[in-house]
Amino acid sequence: MRKHVLATAAFCAAATLGTAALTTATAATPAATPAGAPVPAKPRTADFNGDGYPDLAIGAHTATVNGIKGAGVVTVAYGSAGGLKLDTATVVSRATPGVPGDPAENDKWRAISGFGDLDGDGYDDLLVRHRESTLVLWGGKAGLTGASTAVTGSGTAADPKVLAGFHGVGDVNGDGTDDLVTRGHDGAEYGVSVFLGPLDRATGKAAKVWHRNTQRVDGFSVGISLYVGDMTGDRTDDIVLTGLGGPGLVLKGGAAGLAPGAKLQMDGSGGAGTFGDLDKDGYQDLVIGLGGRVSVQYGGPNGASTTRPRGIYGQDQRGIPGVEQSGDGWGNAVSIADTNRDGYPDLLVGAPGKSGNQLGEEHSGSLTVLFGSSGGGFGGTGGGQYLDQNTRGIPSTSEYQDRFGAAVVAIDGDKDGNPEVYVGGHGEDGYTGRVWKLHTSATGLTGTGATSFGLTALGGPAGWANFGYRLLG
């Protein structure tokens, strides 16, 4: 099952990453799932070249292209038995053959916003959102090459216009092929549009389009954010919509179309989001960063748990490391991984606006890890970690406007059973930007063996780039 959300952090249900592989005998005779029980979703990470190793996409939206400043590039580092390989990375821009348009000064060809196998060829594809256009960079045996197609829409119910905002990718109709989910406009009102895969590589047209005028059908005005994942435990992805200042809404996926599910508590239009089964009950849970707080909505048969209330977490709570600061952006990036190898998913929270204790460390940024437990909650006596560039072993030091923690994602790039955590700091070195790789251990994240790299290590240009502002994997 394919499950992805936008984000400044991508989906990583890492509860299984630290477990030993099943023996052949065990794998041949899996335990039966009780009737009516949720079917746990399999973890999924991006694989653009189809070699079985997870890959990492990194945005650099102000990079120079052919001498044109601020044009922007998208990069992908490919996984291997030795981990991510920087020397074989792909750097794609509007100067790359196959990509429509031309580089322009300060164009900021920008947001990597989702991934999935949208044409059903076995290779993941990458979405790039730029203003009100959405481009699919097609994956293949050689990874991303520049082969691409725009998905736009003309503004009718049969062909809704794709709007700016968050996108999602997942199998919403349960046919085994990924679908593109976006805010759309049918010529009259806003709603949610599902471009059912496979998408045609030549035209960008979907096999079929579902457009739901949520204002008319559900009395629901769609906010700028949406999230795609299996909240109902049926192995078909659902859509979680944010409202304009009101509650959220789950639209349950299925072969017959979208159906209204649970209404969710929401705070504003929402921000970065990620899915994972935090309480290990078989239902995916949705984590949303609120820029100072983090919301955890637990899944259930109708899209929301009826036994576990929503959790709201902040740095002013007992057991959560760090001190709350105005404008620290705690929750601007979120991810899920088992960082201390105890079998329980942990919550990673980036705070790119966090300031250190010394002069010159304003908005240097930080990363908080909240250790998971059997109940799926955080704080209290559960414990956690607070890391920044002054943490022993992490390369460089905390400096003014580094923005460490602007993005965070956990992937097992070498498939050794333990994820690595990648942290973006797009303000490093005067907004050149950098990405850090941190290892997991029995005690959590560690600076031991940590490394970092910039855009030039991937074959990209030097200078102002905002490299690491977005990570997706």
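A cavity here is a set of points, on a 1 Å grid over the protein atoms alone, where a 1.4 Å probe fits but cannot get out, and lining residues have an atom within 4 Å of a point. Grid points are joined across faces, edges and corners, and a volume is the space filled by probe spheres set on the points.

This is a predicted model: local features need pLDDT of at least 70, side-chain atom pairs count only at pLDDT 80 or more, and totals for chains, interfaces and linings use all residues. Residues are numbered from 1 along each chain as its sequence is written, and side-chain values use heavy atoms, with hydrogens and water left out.

**View 1. Confidence along the chain.** pLDDT is the predictor's confidence in each residue, from 0 to 100. Its mean for the chain is 89, with 91% of residues at 70 or more. Treat residues 1–33 with care: pLDDT stays under 50 there, though the model has 100 contacts (heavy atoms within 4.5 Å) beyond four places in sequence for this stretch.

**View 2. The largest cavity.** The count comes to 2 cavities of 30 Å³ or more, and the largest has a volume of about 40 Å³. Its lining is made of Leu264, Gln265, Met266, Leu286, Ile288, Ser295 and Gln297. Strands β18 (285–289) and β19 (294–297) are the elements giving two or more residues to that lining; strands are DSSP runs of E, at least two residues, numbered from the N terminus. By class, the lining has 4 nonpolar, 3 polar and no charged residues. For this tally, Ala, Val, Leu, Ile, Met, Phe, Trp, Tyr, Cys and Pro count as nonpolar, Asp, Glu, Lys and Arg as charged, and the others, Gly among them, as polar.

**View 3. The second largest cavity.** About 30 Å³ of space sits here. Around it are Gly59, Ala60, His61, Arg110, Ala111, Ile112, Tyr469 and Arg470. Two or more of the lining residues come from each of β2 (56–60) and β5 (111–116). The class tally is 4 nonpolar, 2 polar and 2 charged residues.

**View 4. The β21-β22-β23-β24 sheet.** Four strands make an open, antiparallel sheet in that order; two strands pair if DSSP finds at least two bridges between them. β21 (333–337) and β24 (384–387) are the edge strands, each pairing on one side only. From one strand to the next, the twist averages 15 degrees, using axes that are lines fitted to C-alpha atoms, with angles from 0 to 180 degrees between N-to-C directions. Zoom in on β23 (residues 366–370) and you'll find 4 bridges to β24, with Leu370 opposite Gly384.

**View 5. The β25-β26-β27-β28 sheet.** Here is an open sheet of 4 strands with antiparallel pairing. β25 pairs with β26 (residues 420–425) over 6 bridges, and Ile411 stands opposite Glu420.

**View 6. The β15–β16 hairpin.** β15 (residues 248–252) and β16 (residues 259–264) pair antiparallel over 4 bridges, with Leu249 opposite Lys263. There are 6 residues between the two strands, and Gly257 in the turn has a positive phi of about 125 degrees.

View 7. Most residues other than glycine have a negative phi, and most peptide bonds are trans. Gly197 and Pro198 are joined by a cis peptide bond, with omega about 5 degrees; Pro198 sits in the loop between β11 (190–196) and β12 (208–212). Asn66, not a glycine, has a positive phi of about 50 degrees and lies in the loop between β2 and β3 (73–78).

How values were computed. On a 1 Å grid over the protein atoms alone, a cavity is a set of points where a 1.4 Å probe fits but cannot get out, and a pocket is an open set with protein on both sides within 12 Å along at least five of seven lines; lining residues have an atom within 4 Å of a point.
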